Amino acid sequence: MTNEFALTLVLFAVYVIECIFLPSAHASLFKCSIRGRWRVSLPTSPITSTYRIVVEGLLPQLGSVFVSEPAPPLISPSGVYCFPGRADTGSAKYIDFADAEPFLSKDCTVLTGSEVVCSSGSAQQAQLVSELLSKVKASESTRRDALITADFQRMLNTQRAARRWRAYQKAAGFLSLGSWTMFGTLVALSAMLAVFRFQAVAAWPLAILILIVIPHTAYVFYRVHLIFFRRKVGDRWKQIVLMFLTPPACIRASDFIAHELFAGFHSLAVSRVLLDDVESRDFAARTLREMMYPLDIGAHNDSSEGAEWAKGKWMTVVWEWMEHEFGDPRQLIDAPRKATAGCVCYCPRCLTQYLFLRNSCSDCPGITVKPFC
Ligand SMILES: [Zn+2]
């Protein structure tokens, strides 16, 4: 095996590794298919690992995976009510602000002392949650409601998400030139390997091209990253160093920015930006049904006053958001049309229809079915 052959193999291996993305297991993801259609992928519950493994498309494209956030932790004016394991299982815990140690974030996790408060989809959201908790803890009880409401509304701010998306589309266009040039060079190198048995002399023009593309892409990346993630200096430079050490990293430059573009936004707001009207409406309806008919898994005594307040608050903010985006939310949770004339009842959560009267849905523990009117 010649050195050149080995080098090309290494470059390809680096590129394939660059296509693997490891978001937090708590993140909701929006993935783009090769045909350019967006799909939502919610975290599976129960969550067993820290990260998910996502393999992106091999062709350079304008961002293919976006992180968005699950519902925020249940914050009430008196304390925070949370599921350290997140999702529907795991033991729930209530932490009173009066007893809480300072709130901090580490990666995607929010901590108080040595206790895990909750996990977010992104480090950025974990930081925002810990800042909010500190602010609520320090403020007077009369101001706490407004602080929490404003934070929930921030997560659902569709206009802000849409502005961010438009700005990203514009900026990423500049990065696509470098991505495609680098990708083409890599393909040409491998073609030479296959057809001409790799002659180092012929590779020189390609090597020169690579030397021009890297600094150009790194510079554009620096400028674009600065616009969206001003505070993430470390991440920025780490990626730039990676581009110089392993040139195929340049191909994924715009993906790197895309991943956390919507960090801090709830998946509802992102769905409104990325999905079309019909799909985002379906997604909103599904989210609302799941919120109104939560599964009864395990036994957590989350019926405390603080938990009820927090659930009600999040529900109110989501309800208002839906009213603003789609009109009366009640029409989103209407009874479905009968699949066949013989159906007598349906599950209000998953919309499965049944031909015989029964009490509960076979797929949704604890959900009572509803008869068709
Ligand atoms: Zn069901």
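Is S64 buried or exposed, going by its C-beta neighbours inside 10 Å? S64 counts as buried, because 24 C-beta neighbours sit inside 10 Å. (Buried means 20 or more other C-beta atoms within 10 Å of the residue's own, exposed means 12 or fewer, and partly exposed is anything in between, with C-beta atoms placed from the backbone.)

A quick note before the views. This is a predicted model, in which local features need pLDDT of at least 70 and side-chain atom pairs count only at pLDDT 80 or more, while totals for chains, interfaces and linings use all residues. Residues are numbered from 1 along each chain as its sequence is written.

**View 1. The whole chain, for orientation.** There are 10 helices and 14 strands in the chain. Of the 373 residues, 34% count as buried. Take the contacts between residues at least 6 apart in sequence: 67% of them join residues at least 24 apart. (A contact here means two C-beta atoms, placed from the backbone, within 7 Å.)

**View 2. S64 and its surroundings.** S64 sits in the loop between β4 (54–55) and β5 (65–68). Setting aside neighbours within four places in sequence, S64 is in contact with K31, C32, E56, G57 and D255. F97 is another story: S64 and F97 are 33 residues apart in sequence, and their C-alpha atoms are 40 Å apart in space.

View 3. The largest nonpolar core has 67 residues, and F66, V80, F262 and V270 have the most contacts inside it. (Such a core is a set of buried Ala, Val, Leu, Ile, Met, Phe, Trp, Tyr and Cys residues joined through C-beta atoms within 7 Å.) Helix α4 (residues 158–195) gives this core its largest share, 7 residues. Apart from it lies another core of 7 residues, including Y346, C347, C361 and I367. As for V270, not counting residues up to four places away in sequence, V270 touches F30, F66, S68, A161, F262 and F265.

**View 4. Helices α8 and α9.** Helix α8 is mostly covered, with 8 of its 8 residues buried. They are S267, L268, A269, V270, S271, R272, V273 and L274. Helix α9 (residues 277–292) has 16 residues and reaches 22 Å from its first C-alpha to its last, close to the 22 Å expected at 1.5 Å a residue. (The expected span is 1.5 Å times one less than the number of residues.) In α9 the buried residues are S280, A284, T287 and L288. They cover an arc of only 100° around the axis, which puts them on the same side of α9. (The arc is that of the directions from the helix axis to the C-beta atoms.) An α-helix has 3.6 residues a turn, so residues three or four places apart point the same way. Among what covers the buried residues of α9 are α8 (267–274) and α10 (305–326).

**View 5. Helix α6, side by side.** The 13 residues of helix α6 (residues 233–245) should span 18 Å at 1.5 Å a residue, and the end C-alpha atoms are 19 Å apart, which agrees. Q239, I240 and M243 are the buried residues of α6. They cover an arc of only 100° around the axis, which puts them on the same side of α6. Over on the other side of α6, V233, G234, W237, K238, V241, F244 and L245 are exposed.

**View 6. Two loop residues with positive phi.** Most residues other than glycine have a negative phi. D107, not a glycine, has a positive phi near 50°. D107 is in the loop between β9 (103–106) and β10 (109–112), and is exposed, with 12 other C-beta atoms within 10 Å. L351 isn't a glycine either, yet its phi is positive, about 65°. L351 is in the loop between β12 (345–346) and β13 (353–354), and is partly exposed, with 15 other C-beta atoms within 10 Å.

**View 7. Domain 1 and domain 2.** The domain assignment gives domain 1 (1–80 + 120–125 + 138–334) and domain 2 (336–373). (These bounds come from an automatic or database domain assignment.) Taken over C-alpha atoms, the domain centres are 36 Å apart. Where the domains meet, 6 residues of domain 1 are in contact with 6 residues of domain 2.

Definitions and conventions
Helix = DSSP H or I, 4+ residues; strand = E, 2+ residues; numbered from the N terminus.
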